[in-house]
Amino acid sequence: MTSPLSVLDLAKQYNTPGRDPVLAVRGISFEIHEGECFGLLGPNGAGKSTSMNCISGFYPATSGSSKIFDIDVYAHPKQARMKLGVCAQEDTLDTDFSVMDQMVRYGTYFRVPVEEGRRRSAALLERFGLNDKKDDLVERLSGGMRRRLQVARALVSDPKVLILDEPTTGLDPEVRRILWDVIAEERVKGAAILLSTHYMEEAHRLCDRVAILHQGKILDCAPPSDLIAQHIGAAEIEEEIRAGVRWKRPPNLEDVYLKLTGSHLENGK
Amino acid sequence: MTGWWGVRCVWLRYFDVYRKSFIYSIVTTFVEPLLYLVAFGFGLGGLVKTVQINGASVSYRQFVFAGIVAQTILFQSFFEAAYGAFIRMYYQRVFQAIATTPITLSEVLWAEVIWDASKATFAAMAVLLIGTAMGDFHPVGALIALPLCFVSAFVFASLGVLVAARSRTIEEISYPQYLLIFPMFLFCGIFFPMESLPPALQWAAWVLPLTSVVSLIRTLTLGFPLRLQAFPILAVWLAVLVPWCRRAMSRRLIK
């Protein structure tokens with residue numbers, strides 16, 4: 001059966017004039033299946049966003065391939081992206097439009113007819129708790145609302161593959177939970193989801209499999225609990241949370257990351 | 001990989017924004033050329049009665065109205081492209097958002113330049129209409145001038161997109177604005193006959209694309225002698241600027 005998303009030996013080197021070339025992604029490979037959420041876990045600078053941009057076909061890869069339902073994103077970007085929804089890390093909302101109009105307009109880029117786009121957008125805005133903002137300009141939305149809208153917009157074409165680049169970074173716990181619920185629902189509906197994050201809890205909660213990304217390389221890839229069991233074990237970890245205060249807690253993906261790379265997820269140091 | 005459906009789709013996005021902010025759009029598109037028409041056509045035109053070129057004599061108002069068609073094309077296309085494209089690329093990230101959909105960056109960039117040229121052509125059309133209504137322009141010539149307006153606007157829009165792509169900050173757009181656009185505006189024959197300039201300056205002015213645009217518009221609207229060099233000069237600018245601006249913007253966006 002054709003995989004919704006398959007990435008093979010993908011590498012990306014940045015060649016900036018006057019600077020040394022930077023190999024940001026070093027031959028990563030994985031496949032994502034229908035109804036699977038696959039996480040790329042790593043700190044800032046690990047190569048997550050570059051990988052996402054190459055996988056969606058926005059950046060050309062230096063070598064390797066990225067295929068959506070066996071369609072090469074570089075050779076046939078139009079066909080491949082018809083099945084793809086992307087939520088970039090940066091805010092790319094179109095501030096010239098109201099919330100509803102921008103959803104409908106975005107749908108037209110995927111050949112979604114205006115009336116159908118309006119129907120889908122209304123349902124999505126309801127689902128994301130943005131219905132009462134549908135006539136507002138983007139400028140009037142809070143940071144959390146903007147992020148929700150950006151994810152909602154990525155769903156207006158009803159994509160079979162969803163690329164979410166740090167969708168919850170900087171959000172408060174309530175908004176984060178709304179997005180987690182939506183991601184879980186999309187997974188149940190059968191979408192293949194590629195999620196990048198540096199939140200271990202998010203990766204553990206949402207992802208069926210997690211790839212530990214460090215300096216552009218996948219160090220290991222498995223279900224979160226398998227990664228923990230394999231690299232850390234089941235024993236509780238004792239740590240000093242402040243001078244003289246020690247506590248024990250279950251092992252988590254942060255410990256896996258630390259063991260594999262010698263650095264922490266939050267800052268990569 | 002470019003398809004006209006994608007270009008049309010993005011062009012409609014621009015048109016939709018223009019339509020939604022109708023009053024702002026009308027003011028920014030049409031008021032400036034109208035102010036120039038009134039100030040120079042009627043104000044200065046009252047002082048300078050006629051202009052003689054190659055034995056032909058026209059009123060200064062006719063002369064400057066035709067120049068203002070060219071000036072409108074220059075300003076409307078360049079400023080929309082340079083500042084508008086910079087904002088869409090750098091602040092709004094519209095290009096990036098659209099280029100991750102089935103619409104390619106190549107289509108987005110075609111749509112950008114075509115929109116900038118379209119908007120400038122709307123504005124130039126208003127000046128042509130006024131000139132024709134006042135009996136200053138040959139009606140048929142004014143109509144034939146429309147495609148020329150679009151092609152000329154395409155040249156200046158490409159220049160604007162190139163400037164947007166090469167500017168690190170929005171303030172840097174001021175350099176080409178003051179060092180290239182304003183000198184063109186002043187020395188390419190909008191307000192006075194090129195023959196008034198010293199020969200060396202005439203040569204320099206003819207290298208710039210606006211001189212050709214002014215000359216061709218006066219030929220069509222006022223029946224001035226055709227200066228054949230205008231065609232190859234515009235063609236060279238078009239051939240250089242269009243691929244250059246597309247390459248520069250692609251490099252800016254795609255790492």
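## Basis of the description

Two residues are in contact if their C-beta atoms, placed from the backbone, lie within 7 Å. The model described here is predicted.

## Helix 3 and helix 7 of chain B

In chain B, contact between two helices is made by Gln71(B), Leu74(B) and Phe78(B) of helix 3 and by Ile181(B), Met184(B) and Phe185(B) of helix 7. Five of the residues in this contact are nonpolar and one is polar, while none is charged.

The axes of helix 3 of chain B and helix 7 (residues 174-187) of chain B lie 10 Å apart, and the two helices pack at an angle of about 165°. Because angles over 145 degrees count as roughly antiparallel, helix 3 of chain B and helix 7 of chain B are roughly antiparallel to each other. The crossing of helix 3 of chain B past helix 7 of chain B is left-handed.

## Helix 9 and helix 10 of chain B

A second pair in chain B consists of helix 9 (residues 209-222) and helix 10 (residues 230-253), which pack at an angle of about 135° with their axes 9 Å apart. Helix 9 of chain B is therefore oblique to helix 10 of chain B. Here too the crossing of helix 9 of chain B past helix 10 of chain B is left-handed.

On the side of helix 9 of chain B, the contact is made by Pro209(B), Ser212(B), Ser215(B) and Leu216(B); helix 10 of chain B contributes Ala230(B), Ile233(B), Leu234(B) and Trp237(B). By class, this contact of helix 9 with helix 10 of chain B has six nonpolar and two polar residues, and no charged ones.

## The largest nonpolar core

The largest nonpolar core comprises 148 residues, and those with the most contacts inside it are Ile193(A), Val69(B), Ile73(B), Val161(B) and Ile217(B). Helix 3 (residues 60-91) of chain B supplies the largest share of this core, 16 residues. In soluble globular proteins, nonpolar side chains tend to be buried together.

What is Ile73(B) in contact with, leaving aside its neighbours within four places in sequence? The residues are Ala120(B), Ala124(B), Cys149(B), Ser152(B), Ala153(B), Phe156(B) and Val213(B).

## Contact between the chains

Between the chains, 20 residues of chain A are in contact with 19 residues of chain B. Helix 2 (77-81) and helix 3 (99-108) of chain A each supply at least two residues of the side of chain A that touches chain B. The largest share of that side, three residues, comes from helix 2 of chain A. By class, the side of chain A that touches chain B has ten nonpolar, four polar and six charged residues.

## Individual residues of chain A

Val99(A) belongs to helix 3 of chain A and counts as buried because 26 C-beta neighbours lie inside 10 Å. Not counting residues up to four places away in sequence, Val99(A) touches Leu125(A), Leu130(A), Lys133(A), Lys134(A), Asp136(A), Val138(A) and Leu149(A).

Most residues other than glycine have a negative phi. Asp70(A), although not a glycine, has a positive phi of about 70°. Asp70(A) is placed in the loop between strand 4 (63-68) and strand 5 (71-72) of chain A, and counts as exposed because 10 C-beta neighbours lie inside 10 Å. Arg111(A) also has a positive phi, near 65°. Arg111(A) is located in the loop between helix 3 and helix 4 (114-127) of chain A, and is partly exposed, with 14 other C-beta atoms within 10 Å.

Notes. Residues are numbered from 1 along each chain as its sequence is written. Chains are lettered from A and ligands numbered from 1 in the order in which they are written. This is a predicted model: local features need pLDDT of at least 70, side-chain atom pairs count only at pLDDT 80 or more; totals for chains, interfaces and linings use all residues. A nonpolar core is a set of buried Ala, Val, Leu, Ile, Met, Phe, Trp, Tyr and Cys residues joined through C-beta atoms within 7 Å. A residue is buried if 20 or more other C-beta atoms lie within 10 Å of its own, exposed if 12 or fewer, and partly exposed in between; C-beta atoms are placed from the backbone. Helices (H or I, at least four residues) and strands (E, at least two) are DSSP runs, numbered from the N terminus. Ala, Val, Leu, Ile, Met, Phe, Trp, Tyr, Cys and Pro count as nonpolar, Asp, Glu, Lys and Arg as charged, and the others, Gly among them, as polar. Axes are lines fitted to C-alpha atoms, for helices over the stretch in contact, and angles run from 0 to 180 degrees between N-to-C directions. Angles under 35 degrees count as roughly parallel, over 145 as roughly antiparallel, 65 to 115 as roughly perpendicular and the rest as oblique. A crossing is left-handed if the near helix is turned anticlockwise from the far one by less than a right angle, and right-handed if clockwise.
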